[in-house]
Amino acid sequence: AAQGGDQRIDIVTVDLDVRTLPGFSAGEVLAELWEALGAVPKHELIEFTPGVESPIDTPLFDRLCAVVRAHDPGAEPVPFLIPGFTDASYFRRLGMSCYGFAPLMLGRDDAAEYKHRMHGVDERVGRESFLRGYAMLEDAVLGFLRN
């Protein structure tokens, strides 16, 4: 009941956008959610796109790692999963490997500031970082196409 009267809320509608790790099903995610809620409400699953990962033993992944090492000696590339949504889920269904590669050569201070601006209204990067990153991307793509 609402404070100061006996008004009731009979229906609550909630839209959830849940990102899953590769290998987890919609059913597993919903089961955890219902367990946390302590009830199974009436619900409708509108869309489920499973999380995807690509193998790291491919010529393209090898090329990306080589480019990072060549442009930043001492660096060691590390694969990781991002919680965002990309077209990779559709390409993986076709058997294609997909890798995000956005090589910005940010200094320590720039990197800390950039992570707060990423995908925001102020997603700018410094000219030098952009040009160095562009050179890495060009090296990765053209070098891979040559082989």
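**View 1. Thr20 sits in the segment before helix 1.** Helices here are DSSP runs of H or I with at least four residues, and strands are E runs of at least two, numbered from the N terminus. Is Thr20 buried or exposed? Thr20 is buried, because its relative accessible area is 15%; buried means under 20%, exposed over 50%, and partly exposed in between, with a 1.4 Å probe and protein chains only. Thr20 and Gly51 are 31 residues apart in sequence, yet their C-alpha atoms are 5.3 Å apart in space. A quick word on what you're looking at: this is a predicted model, so local features need pLDDT of at least 70 and side-chain atom pairs count only at pLDDT 80 or more, while totals for chains, interfaces and linings use all residues. Residues are numbered from 1 along each chain as its sequence is written, and side-chain values use heavy atoms, leaving out hydrogens and water.

**View 2. Here's a nonpolar patch on the surface, made by Ile9, Val12, Val14, Leu16 and Val18.** Together these residues have about 540 Å² of accessible area, worked out by the Shrake-Rupley method with a 1.4 Å probe, where for residues only the protein chains shown count as cover. To join a patch, a residue needs over 30% relative accessible area and no salt bridge; nonpolar side chains (Val, Leu, Ile, Met, Phe, Trp, Tyr) are joined within 5 Å, and like charges within 9 Å. Val12 lies in the segment before helix 1 (26-37), and Val12 counts as exposed because its relative accessible area is 64%.

**View 3. Now for the second largest pocket, which holds about 160 Å³ of space.** Which elements give two or more residues to its lining? They are helix 2 (59-71) and helix 5 (127-146), and helix 5 brings the largest share, five residues. The lining is made up of Leu60, Leu64, Tyr99, Phe101, Leu137, Ala140, Val141, Phe144 and Leu145. By class, that's nine nonpolar, no polar and no charged residues. A pocket is found on a 1 Å grid over the protein atoms alone, as an open set of points with protein on both sides within 12 Å along at least five of seven lines; a cavity is a set where a 1.4 Å probe fits but cannot get out, and lining residues have an atom within 4 Å of a point.

**View 4. Asp139 and Arg63 pair up in a salt bridge, with their closest N and O atoms 2.5 Å apart.** This pair links distant parts of the chain, as Asp139 is in helix 5 and Arg63 in helix 2, 76 residues apart. Asp139 counts as partly exposed because its relative accessibility is 25%. A salt bridge means a side-chain nitrogen of Lys or Arg within 4 Å of a carboxyl oxygen of Asp or Glu, and by this rule the count is four.

**View 5. Two further salt bridges are Arg69 with Glu76 and Arg124 with Asp122.** In the second pair, the N to O distance is 2.6 Å; Arg124 is exposed at 55%, and Asp122 is partly exposed at 28%.

**View 6. Last up is Asp110, in helix 4 (residues 108-117).** Asp110 counts as partly exposed because its relative accessibility is 40%. Its C-alpha atom is 38 Å from that of Ser25, 85 residues apart along the chain.

Note on methods: Points joined across faces, edges and corners; volume = space filled by probe spheres on them. Nonpolar A, V, L, I, M, F, W, Y, C, P; charged D, E, K, R; others polar.
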